[in-house]
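Please read them with the viewer open.

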Amino acid sequence: MGLRSGAAYLEGLRDGRSLYINGERVDDVTAHPAFQGVLATLAGLYDAQRDPEFADVLTVRDEASGETHSTTLLEARTHEDVLARLRCDRLRTELTYGMMGRLPDFMNAYLLDVASSLAHVGKHEEAARMGAYLARLRREDLAVTHTLVDPQSDRSTRDAPPEAVRIVERRADGIVIRGARLLSTLAPVADEVFVGPYVPRRPGQEDYALVCTLPLDAPGLKIVCRQAYDRGDGLFDTPLSGRFDEGDAILVFDDVFVPEDRVVVAGDLDAYNNVVRNAVGYGPLQGAARSTSKLKFLAGLATVAARTTGRAASPRYQEELGEVMGLLNVAEGLLDGAAVDLGRRIGERRDPGSAPCGPGCPTEESRVGIAALTFFFPHAIARAVEVLRLVTGSGAIAMTEGELRHPEIGHLVEEYVHGPGVGAERRLQVMRMVWDMTCSPFAARQALYERYYTGDPVVGRVLFFNAPKTREAEALAERLLSAAPGDPARVVPARPADRNA
Ligand SMILES: Cc1cc2nc3c(=O)[nH]c(=O)nc-3n(C[C@H](O)[C@H](O)[C@H](O)COP(=O)(O)OP(=O)(O)OC[C@H]3O[C@@H](n4cnc5c(N)ncnc54)[C@H](O)[C@@H]3O)c2cc1C
């Protein structure tokens, strides 16, 4: 099948899926007004893969099969492959301004991580199933989403609530699953869903230890969407909600049959609990690229807005904007670091004796990408949005295109709603974009999403506390605590060669 066109992607969504939004059952998602903006954006990305201007970056030719597929599905074997992925992640997230956290790119990277993790912990059969699924995605160019988190029925316990999706029947040719998962971003407009792990399961919870893939039109699967933020108000008034409302849904599995070849894990706690823990880091690289593109867009929009109001001339606002530019510079360094990390880990898996070590080399594995996503980007992006608010002030409460074009008051808008050397139309266009980024329902959801982008932030922090690098840091402090007075050998850190002795 190979690379799909935008039209083929849209055609694939006319599959009779059970989708509910704004209180109604939707027969054809491609015809529903709530999804027109995001569908156009995603179809545009499919078309971009076939556009000579972008094809070199967005696609690669697989030497073995001779097929061309999305670079987002490239399994990196060399440093060059990692750089090819980085270029592709950057381009695709800049084409979508970092606004879509769950581009299909994210899941393609995540699934490569799942396969690498399962292979690393010796779950070869499960890894092979993921490998076969990835090969299918390369052939069919599908958009996949995911759903990991149990319903919030009772957060007093880490155990799965009875409402969580579980295996209710085992058959010779597959399993039947029942229950719900939240949330699944992109589900309304994706082709497939990956049902994966999040909270580790304990003995006795084997039926909840489930990893599988399904088409979103699987019989019994219900996609229950939140209200749409794209209200059809047009791209002048809602330039972001009108293009990038990727949708979030609760998925209800009402006795859904999962055929054997779609099941990755069904009851093996060891496999389930290790699905992503030992990943090489494709997902964090994509996530860091998306976040960097968003920060760049925010830095740019804040600067444009400050010029529109004249505030860019004032050192007071230049300082705020300069801080955002500084954060962008740090982000770009972190993104490069995530790529180096991915390359190093891939190299170490191929040749375990190849762990590089030189002066200053850490003894324990670094996790630059996921650390950046957990600790840096949520703050940097929130700060950039705050600066955007600051430089626009009340300007963000902008009237609509309707007033600008109104025969009775349009000329008054022209006369009174302008900036220094900036006409009313341009000023309103900028301010509507600022409004959509700071005040609209789309903006509020973006802010919540950045907070939960990598899952529960508390869990993320505790994982870092429990990682081996904590002991490396502790050992450094202990070295000085136990140093004898005047003993230079105990004060100066040991050289790397000594460390390995
Ligand atoms: C817009 C959006 C899109 C999403 N998209 C997806 C998706 O595509 N796929 C997917 O799988 N998931 C998605 N999620 C879900 C996301 O992974 C979860 O929101 C996240 O894992 C946190 O779970 P929760 O929302 O149930 O919060 P809870 O688990 O209820 O926790 C809420 C907050 O309370 C804190 N907390 C909980 N217990 C304690 C405690 N004992 N002590 C101190 N603090 C505590 C948590 O740390 C957290 O900050 C999305 C979420 C949002 C908001």
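1. The shell around the ligand takes at least two residues from each of β5 (144-147), β7, α15 (441-452) and α16 (457-465); helices (H or I, at least four residues) and strands (E, at least two) are DSSP runs, numbered from the N terminus. The biggest contributor is α15, with 4 residues.

2. A word on the model: it is predicted, so local features need pLDDT of at least 70 and side-chain atom pairs count only at pLDDT 80 or more, while totals for chains, interfaces and linings use all residues. Residue numbers start from 1 along each chain as its sequence is written.

3. Among the 19 residues around the ligand, the nearest are Leu-148, Thr-185, Tyr-449, Tyr-452 and Val-458 (near: C-beta atom, placed from the backbone, within 6 Å). Both domain 1 (6-273) and domain 2 (282-466) supply at least three residues of the shell, with bounds from an automatic or database domain assignment.

4. Strand β7 (residues 174-185) also runs antiparallel to β6 (residues 166-171), joined to it by 5 bridges; strands pair if DSSP finds at least two bridges between them. A hairpin of 2 residues links β6 to β7, and Glu-169 has Val-176 in β7 as its bridge partner.

5. Leu-210 touches Val-165, Arg-166, Ile-167, Ile-177, Val-195, Val-265 and Ala-266, leaving aside residues up to four places away in sequence. Contact here puts C-beta atoms, placed from the backbone, within 7 Å.

Technical notes
Contact = placed C-beta atoms within 7 Å.
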